[in-house]
Amino acid sequence: MKLASTIAILGSLLTAGSIHAKWSRIPIIKERPVDIAISGPHSNASLDSSSGFGQADAVLSDDITAPATVSAGKSFVVINLGKPVLISQSSFVNDGIEGRATLSASADKKGWAVLEEKVFSAADRTVEFKFAGMQAKFIKLELALSKGGMIRALHFFGGQTDKGYAVKQDKEGKQGKPMDLIGGLGGARVIYAAPKPANGLDTAVTYNKFSFPESDEKYRTVIYDFGQLRILNEFASVHSPRPVRFEVFAFDNLPEKEDWRGRLAFDPTEFNAKSPVAVAEDTRGSGSLKVKPAKPVKTRYLALRWEPEFNPPDFQATGSSTGNVINIVTTNTVIINNSDGTQTVVEVTVTDAYGAGAGSSDVTGDNALQIQSQNGASQNDNSVIKTTVMSAPDPVTGERSVLSVTEQTGTTTVTQTNNSDGGTTTVTETENSDGSSTTMTETTDGNGNTTTTVTNEDAQNNETGSATTTSTDGGTTQTTTSSDGNLGAGNTPNPSNNTPGTPGNGGGTSVGSAPP
């Protein structure tokens, strides 16, 4: 009896240990692909034309729940990416349509190359295209359907990632425009996913698309680290069409401990001591839902948890969280043709950050743990302005040679205002370490044309150079409005070291034109 009792006790402990086993932290990826066709600061995409689609604009929305209705028969949608962009895969969420999908690409809409075709049924929740990478300015999705319905979350991925972007929120998260901070440029990184996704951990984490296998676990859970405090106003889910309870948890500071291997781990029983900040139920199994918290959620660590009504053999889920963004700083290049024939290239680069924009927004913690989380955020999203002065073209070969390359450190502030024509004006002012200053002003009109002006002043506030570039319809026209030979080169015929400086704390050129 004594031996049997001991075995029973050990068995119960082992069972409890397996149920509440700690989860191992997922290594953070440095770069995440971003959707090249979502209408946003990193993309010039626009809807070119469509037929047979209702609410066709939804295909460009970063709202993953936004549906585009599609009729039975033949239909199509054409997306203009604004400029040639590398594309290598695509997918959409299927809400009841059935038939054939053909994805094509073109440089000029005159000749189309078929990238891939897919035949699918209404039961196929996700339709995916994978193909050899191709540069394209236009993408066409054609559908030949025996049954109409809806599609959601149409995504296109290629070579563009969130490296080189920094996202800013104000202290209260009230100003700016709504943006998905999980699937876009918000810096979110998946650090826990349980049970282990059946579509492969790398794929699930990279594209924020989880296919959870059949499991004895009650919940399907994903935990994100934004890299810094974020203020979130709304949460959404697109999932397998079956009844599900959706819960959102926020952690002021994630309670992690090292496991026996020395790796950080999270104990899921921590959820038992917390109340969710938002809860929603998809009682009809429609496959999508949205929920607003009672008040804005300020957090660095966010957990999304799905509880299916029964244990499905496969449960697919994608989550999003929306917050207001006042500014997005991006890598950019300005080329100035100087009046003496020389050329100045100003490259603004947002350097590496595990979360784009990590650690430099104005959001402040409400308590000691939030302050600790913010203080521990990555501070390496600084920007560098590199100025390269090129010689005038060689009369014979037409080639230029490098006259000087300089970099500086400094402090940058960025302000953005809305113009009456629907465009924006963004001013980036950098105080350089040598006392000089650099101001970059980008004005975008309602048609998407962008004018960028770069002005440099010395330590005595004397203007040493000013130049303007105008970008129209994807092309760039470089014109010099005022220059003494070389931007920032003083009055000497040869370039000096008094050149545009570098933003020190999350500076850079605010988005007005897409990075080259």
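**Close-up views of a predicted protein model**

**View 1. The whole chain in outline.** The protein's secondary structure comes to three helices and 34 strands. Helices (H or I, at least four residues) and strands (E, at least two) are DSSP runs, numbered from the N terminus. This is a predicted model, where local features need pLDDT of at least 70 and side-chain atom pairs count only at pLDDT 80 or more, while totals for chains, interfaces and linings use all residues. Residues are numbered from 1 along each chain as its sequence is written, and side-chain values use heavy atoms, with hydrogens and water left out. Of the 516 residues in the protein, 51% are buried. Buried means under 20% relative accessible area, exposed over 50%, and partly exposed in between (1.4 Å probe, protein chains only).

**View 2. Confidence along the chain.** The average pLDDT of the protein is 79, and 77% of the residues score at least 70. Residues 1–19 have a pLDDT below 50, and this stretch has zero contacts in the model beyond near neighbours in sequence. Residues 354–359 also have a pLDDT below 50. Yet this stretch has 31 contacts in the model beyond near neighbours in sequence. Here pLDDT is the predictor's confidence in each residue, from 0 to 100, and contact means heavy atoms within 4.5 Å. Where pLDDT is low, the predicted coordinates should not be read in detail.

View 3. Strand E15 covers residues 234–239; six of the six are buried, so the strand is largely enclosed by the rest of the structure. Glu234, Ala236 and Val238 point one way from E15. Phe235, Ser237 and His239 point the other way. E15 runs antiparallel to strand E22 (residues 314–325), joined by six bridges. In E22, Ser321 is the bridge partner of Phe235. E15 also runs antiparallel to strand E20 (residues 288–291), with four bridges between them. In E20, Ser288 is the bridge partner of Val238. Two strands pair if DSSP finds at least two bridges between them.

**View 4. The largest cavity.** The protein has three cavities of 30 Å³ or more. The largest has a volume of about 110 Å³. Its lining has 13 residues; Val93, Thr126, Lys209, Val238 and Thr318 lie nearest its centre. Strand E9 (149–158), E15 and E22 each supply at least two lining residues. E22 gives the largest share, three residues. A cavity is a set of points, on a 1 Å grid over the protein atoms alone, where a 1.4 Å probe fits but cannot get out; lining residues have an atom within 4 Å of a point. Grid points are joined across faces, edges and corners, and a volume is the space filled by probe spheres set on the points.

**View 5. A sheet of three strands.** This open sheet has the order E1-E18-E17, with antiparallel pairing. Strand E1 (23–24) and strand E17 (256–258) are the edge strands, each pairing on one side only. Three bridges link E17 to strand E18 (residues 264–266). Lys257 stands opposite Ala265 in E18.

**View 6. Thr269 in its loop.** Thr269 sits in the loop between E18 and strand E19 (278–282). Its relative accessibility is 27%, so Thr269 counts as partly exposed. Thr269 and Ala21 are 248 residues apart in sequence. In space they are 9.1 Å apart, C-alpha to C-alpha.

Technical notes: On a 1 Å grid over the protein atoms alone, a cavity is a set of points where a 1.4 Å probe fits but cannot get out, and a pocket is an open set with protein on both sides within 12 Å along at least five of seven lines; lining residues have an atom within 4 Å of a point.
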